[in-house]
Amino acid sequence: MERSAYKFRCDFSVGDAIGTAVIFLLVLVLTLGLAAFVLPYYLPKTVINRTTVLADDGSEIGTLKCDLNLGTMIGNALIWVLLTVITLGLAYIVYIFRVQRIVLSETKIVYNSTRLAGSTDNRAVTA
């Protein structure tokens, strides 16, 4: 099967967004704002994990899966909290872009069929 450009379909609804926003507002208040350093990881990860990869004809090829865990998020965030304090907030601007790179680097396409993955087993293939 010749592969052409695939499309994405995201099933992240407005209700999901409102629920996530309410939860994070509560967590932000409880952590005195420190959760703001984990939020940039969590939001794209949540959207990516609700995204389906579609072929030109609209059939589902697979799904996107971000394997980023909370420990990695917190570990990276702690370093950037220190850098942000030292630079009086300027490092946070760079941090946002760094987070996007990390989230995308941890994202894979999980194919629905081994035929599409081009292998003999149904492992996730790095995007």
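Helices (DSSP runs of H or I, at least four residues) and strands (DSSP runs of E, at least two residues) are numbered from the N terminus. The views below show a predicted model, in which local features need pLDDT of at least 70 and side-chain atom pairs count only at pLDDT 80 or more, while totals for chains, interfaces and linings use all residues. Residues are numbered from 1 along each chain as its sequence is written, and side-chain values use heavy atoms, with hydrogens and water left out.

**View 1. The protein chain contains five helices and five strands.** Read from the N terminus, its elements follow the order β-α-α-β-β-α-α-β-α-β. Of the 127 residues in the protein chain, 28% are buried (under 20% relative accessible area; exposed is over 50% and partly exposed lies in between, with a 1.4 Å probe and protein chains only). Contact is defined by heavy atoms within 4.5 Å. Among contacts between residues at least 6 apart in sequence, 62% join residues at least 24 apart.

**View 2. Helix α2 contributes several buried residues.** The buried residues of this helix are P40, Y41, P44, K45, T46 and I48. Their cover includes the strands β2, β3 and β4 as well as the helices α3 and α4. One of these covering elements, helix α3, is shown with α2 in the next view.

**View 3. Helix α2 packs against helix α3.** Helix α2 spans residues 39-48 and helix α3 spans residues 70-86. The two helices meet at an angle of about 145°, and their axes are 9 Å apart. Each axis is a line fitted to C-alpha atoms over the stretch in contact, and angles between N-to-C directions run from 0 to 180 degrees. On the α2 side the contact is made by Y41, Y42 and K45; on the α3 side it is made by M73, N76 and A77.

**View 4. The largest nonpolar core has 21 residues.** Such a core is a set of buried Ala, Val, Leu, Ile, Met, Phe, Trp, Tyr and Cys residues joined through side-chain atoms within 4.5 Å. Y41, L68, Y95 and V103 have the most contacts inside this core. Two or more core residues come from each of α2, β3 (60-66), α3, α4 (91-105) and β4 (107-111). Helix α4 gives the largest share, with five residues. Leaving aside residues up to four places away in sequence, V103 touches Y41, P44, K45, I48, C66 and L68.

**View 5. T52 is located in strand β2.** This strand covers residues 51-54. T52 counts as buried because its relative accessibility is 6%. When residues up to four places away in sequence are not counted, T52 touches K7, F8, R9 and D11, together with E60, G62 and T63.

**View 6. D56 occupies the loop between β2 and β3.** In contrast to T52, which is buried, D56 counts as exposed because its relative accessibility is 58%. D56 touches S4 and A5, not counting residues up to four places away in sequence. The C-alpha atoms of D56 and K7 are 7.3 Å apart in space, although the two residues are 49 residues apart in sequence. K7 is also one of the residues that T52 touches.

**View 7. L32 and L88 each have a positive phi.** Most residues other than glycine have a negative phi. L32, which is not a glycine, has a phi of about 55°, and a phi of about 55° is likewise found at L88, also not a glycine. L32 is placed in the loop between α1 and α2, whereas L88 is in the loop between α3 and α4. L32 is exposed because its relative accessible area is 78%. L88 also counts as exposed, at 79% relative accessibility.

View 8. L70 counts as exposed because its relative accessibility is 53%.
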